[in-house]
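Please look through the structure shown here, and keep it in view while you read the questions and answers below.

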Amino acid sequence: KTHLYDAFGYKESDTIKPGDKLFDPIDTPFGRIGLFVCYEVRFPEVARYLRARGADILIMPTAWVRGDLKSHQFRTLITARAIENTVYLVACDNCGQVFMGESVVVDPMGVPVATAGEEECLLCAHIDLDRVERVRAKLPAYKDRRPEVYVD
């Protein structure tokens, strides 16, 4: 985990040291998978790094704590990362008294293809890599980037 959760009155950096290298995607029989953890969803650069290295599916294990507007932020950020990178995003959240659950799989157009509630469950989703390619052909935002204009 490269970005520590020092927000909403909690300070992870008191007990945890951040990593200094992002995960590199790996090839699997299911597609090229990238990984980031929890709070890193709030940093679009992390998902973009994984997409730049060929990820088609991003997996995000998380311990998203219940709180004001947290469910809305969770879903909005996950959907944004999926759309802007034209990837599937699989968000696996803890559940229980402290954590909200609500695990979700979102497709490259931001459509939830599987959702969970606040209780523990097995969430199954069909991930269609052909859909990734069709969406990327229809929405070539990643290819259309102009990194030369983003420099300070």
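Predicted model: local features only at pLDDT ≥ 70, side-chain atom pairs only at ≥ 80, totals over all residues.

Residues are numbered from 1 along each chain as its sequence is written, and side-chain values use heavy atoms, with hydrogens and water left out.

Q: In what order do the six strands of the open sheet lie?
A: Strands here are DSSP runs of E with at least two residues, and helices are runs of H or I with at least four residues, both numbered from the N terminus. Two strands count as paired if DSSP finds at least two bridges between them. The pairing in this open sheet is mixed, and the order of its six strands is 3-4-5-6-7-8.

Q: Why is one side of strand 3 and of strand 8 left without a neighbour in the sheet?
A: Strand 3 and strand 8 (112–115) each have a single partner strand, so one side of each is left without a neighbour, and the place where both stand is at the edges.

Q: In which sense do strand 3 and strand 4 run?
A: A hairpin links strand 3 to strand 4 through two residues, and in strand 4 the bridge partner of Asp27 is Arg32. Strand 3 (residues 26–28) and strand 4 (residues 31–35) are joined by three bridges, and they run antiparallel.

Q: Which handedness does the β-α-β unit of strand 4, helix 1 and strand 5 have?
A: Strand 4 and strand 5 (residues 57–62) run parallel and are joined by three bridges, with Ile33 opposite Ile57 in strand 5. A crossover is called right-handed if, with the strands pointing away from the viewer, the path from the first strand over the helix to the second runs clockwise. With helix 1 (residues 44–52) between these strands, the unit is right-handed.

Q: Is Phe8 buried or exposed?
A: Phe8 lies in the loop between strand 1 (6–7) and strand 2 (10–11), and Phe8 has a positive phi of about 50° although it is not a glycine. Buried means under 20% relative accessible area, exposed over 50%, and partly exposed in between (1.4 Å probe, protein chains only). With a relative accessible area of 55%, Phe8 is exposed.

Q: What is the relative accessible area of Glu102?
A: Glu102 sits in the loop between strand 6 (88–93) and strand 7 (104–106), and Glu102 has a positive phi of about 60° although it is not a glycine. Glu102 is partly exposed, and its relative accessible area is 22%.
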